[in-house]
Amino acid sequence: MPDLRMPTPTEIRDLNQHVGEDVTVTGWVETTRGHGKVAFVVVRDGTGVVQGVFLKKELDAAVWDAHGTLTQEATVALSGVVREEPRAPGGYELGVTGVEVIAPSEEYPIQPKEHGVEFLLDHRHLWLRSSQQRAGLKVRAEISQATHDFFYERDFTRIDTPILTGSIGEHAGTLFETDYFGETAYLAQTGQLYVESACPAFRRVYCFGPTFRAEKSKTRRHLTEFWMVEPEVAFADSDDNMRLQEEYVSYLVERALERCSDELEVLGRDTAALERVKPPFPRISYTEAIERLQAKGSEIEWGQDLGAPDEVLITEDFDLPVFVYNYPKEAKAFYMKENPEDPRTVLCNDLLAPEGYGEIIGGSQREDDLVRLRERIAEEGLPEEAYGWYLDLRRYGSFPHSGFGLGIERTVAWITGRHHIREFIPYPRLMNRLTP
RNA sequence: GCCUCCUUAGCUCAGUCGGUUAGAGCACCUGACUGUUAAUCAGGGUGUCCCAGGUUCGAGUCCUGGAGGAGGCGCCA
């Protein structure tokens with residue numbers, strides 16, 4: 001039974017359909033500006049922002065006086081008549097007739113001014129309310145939804161892989177450990193091995209969940225907890241894999257342009273650079289990348305992995321994301337398939353985002369030969385017993401297959417054109433930040 | 001793990017050559033103002049100068065050690 005004493009709130013995004021009507025919006029006070037006989041109160045309700053106009057001569061003293069008690073982030077129900085007003089942010093405003101303070105707010109720590117990073121991260125639970133943070137997280141949510149839509153439309157089955165695991169992923173040194181009833185458990189650093197196991201059941205699968213890396217990285221591109229999308233496709237080779245990647249990344253960009261134009265504007269993104277993002281993306285082999293770098297004066301030699309400055313040099317020649325494929329096997333993980341045309345390299349690719357955002361995807365064709373896979377595990381000095389069930393996948397009906405991992409926060413940072421990926425996860429976990 | 005820089009009011013910062021009483025803006029409170037857009041104008045007070053030692057007649061300032069933070073590298077998505 002609805003409470004009939006409370007008028008049904010109207011959402012701010014719908015105000016343009018209620019011009020001339022008396023409505024009530026519920027939300028939080030962003031700012032107030034008083035001028036003696038007129039006052040402006042800006043309210044956010046989560047769907048939008050609207051200013052309420054208090055006119056002293058048209059209001060009861062109690063309602064007029066109330067505007068002075070509205071503090072930043074107080075919860076209010078604001079009633080008034082909707083009207084079109086070019087001077088108002090958003091084009092519509094509320095001629096206030098009544099106001100109720102649902103809950104007061106104490107002196108609010110975050111002011112409409114510059115703050116330091118440490119202060120903002122200490123107040124992340126409040127920082128979420130500010131316009132640029134709302135915009136960034138809204139784009140993240142859209143990219144996340146677009147991911148599910150993309151793979152669902154292409155008949156992929158979503159496989160939720162475990163977060164707690166007893167087996168190691170790629171690199172034992174970067175695992176978070178925790179106690180699991182007396183034995184050691186690890187927080188998953190990839191879902192890949194598990195999605196590979198689901199391929200013979202569903203053919204095309206993907207996982208999308210949190211990933212944990214105990215890397216002591218202090219850069220704008222790293223989090224210790226981040227979200228990764230990992231598709232895996234049976235009977236796909238490395239070329240099929242790259243085609244899927246460019247199609248997927250282009251789909252994400254298109255969705256952001258289509259559904260998040262307001263947010264991209266709040267974030268100051270130049271969308272012309274995004275409009276260009278359509279398949280095919282440029283592809284250069286690792287060997288060609290080394291030649292290009294040497295031509296630009298780099299000291300890099302064949303066999304070394306590309307560093308962050310090298311990636312910037314490569315991407316500055318293109319205005320699209322760039323594939324770099326077939327790296328030397330020493331630079332890559334044990335499970336990648338050897339390149340039959342050049343056994344020094346493996347069938348893999350990175351996708352480097354333009355404008356200096358670096359690697360947003362790492363992918364490869366997987367080693368499907370049991371003997372070669374065991375040799376590679378031994379060569380890397382990894383404990384074979386940790387991969388027992390993974391090797392079973394090559395014992396019981398092995399098959400060529402490929403997949404990749406895309407980091408959501410890095411992708412959103414690139415699409416929004418912002419500097420640091422910590423703004424694109426609600427609660428960033430950094431090397432020295434576990435709260436709030 | 002390595003390199004560089006930073007730490008002064010609730011917040012963002014200034015503080016000269018080491019000098020006696022520690023500075024501004026914002027936030028907050030009071031007042032003025034009928035169209036603001038981070039409103040404007042006038043008034044109001046706020047300090048463990050990150051911590052511990054040291055040098056000095058005297059340290060926010062110089063030295064040593066420690067803590068916290070930022071940026072970059074490596075590693076990766």
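Is cysteine 199 buried or exposed, and at what relative accessibility? Select cysteine 199 to start: the residue counts as buried because its relative accessibility is 3% (buried is under 20% relative accessible area, exposed over 50%, partly exposed in between, with a 1.4 Å probe and protein chains only).

This is a predicted model, in which local features need pLDDT of at least 70 and side-chain atom pairs count only at pLDDT 80 or more, while totals for chains, interfaces and linings use all residues. Residues are numbered from 1 along each chain as its sequence is written, chains are lettered from A and ligands numbered from 1 in the order in which they are written, and side-chain values use heavy atoms, with hydrogens and water left out.

**Cysteines**

A search of the whole structure finds 0 disulfides (pairs of cysteine sulfur atoms within 2.5 Å). Cysteine 199 is in no disulfide, and the nearest cysteine sulfur, that of cysteine 207, is 11 Å away. Select cysteine 260 next: this residue counts as buried because its relative accessibility is 2%.

On the RNA side, sugar or phosphate accounts for 46% of the atoms of RNA strand B within 4 Å of the protein, and bases for the rest.

Glutamine 51 has a side-chain N or O atom 2.5 Å from a base oxygen of RNA strand B. For lysine 218, a polar side-chain atom lies 3.0 Å from a base nitrogen of RNA strand B. At aspartate 305, a side-chain N or O atom is 3.4 Å from a phosphate oxygen of RNA strand B. The elements that give two or more residues to the surface near RNA strand B include strand E1 (22-34), helix H2 (117-122), helix H10 (308-315) and strand E15 (358-365). Helices (H or I, at least four residues) and strands (E, at least two) are DSSP runs, numbered from the N terminus. E15 supplies the largest share of the surface near RNA strand B, 4 residues.

**Aromatic rings**

The structure holds 18 aromatic pairs. Rings of Phe, Tyr and Trp (its six-membered ring) pair if their centres lie within 6.5 Å; planes under 30 degrees apart count as stacked, over 60 as edge-to-face and the rest as tilted. Select phenylalanine 150 and tyrosine 248: the pair is tilted, at 5.2 Å centre to centre and 45 degrees between the planes. Phenylalanine 150 is in helix H4 (residues 131-153) and tyrosine 248 in helix H6 (residues 238-259), so the pair links distant parts of the chain, 98 residues apart. Both phenylalanine 150 and tyrosine 248 are buried.

Tyrosine 251 counts as buried because its relative accessibility is 15%. To see one aromatic cluster, select Phe150, Phe151, Phe156, Tyr206, Tyr248, Tyr251 and Phe404.

**A three-stranded sheet**

Move to the open sheet of 3 strands in the order E7-E9-E8, with antiparallel pairing (two strands pair if DSSP finds at least two bridges between them). Strands E7 (164-165) and E8 (177-180) are the edge strands, each pairing on one side only. Between E7 and strand E9 (residues 183-187) there are 2 bridges; threonine 165 has tyrosine 186 as its bridge partner in E9. E8 and E9 are joined by 4 bridges and form a hairpin with 2 residues between them. In the turn, phenylalanine 181 has a positive phi of about 50 degrees.

**Backbone stops**

Most residues other than glycine have a negative phi, and most peptide bonds are trans. Select proline 279 and proline 280: the peptide bond from the former to the latter is cis, with omega near 0 degrees. Another cis bond runs from threonine 435 to proline 436, with omega near -5 degrees. End at glutamate 73, which is not a glycine but has a positive phi of about 75 degrees. Glutamate 73 counts as buried because its relative accessibility is 7%.

Key. A residue is near a molecule or strand if one of its heavy atoms lies within 4 Å of it. A polar contact is a pair of N or O atoms within 3.5 Å; within protein, one must be able to donate a hydrogen and the other to accept it, and residues adjacent in sequence count only if both atoms are side-chain atoms.
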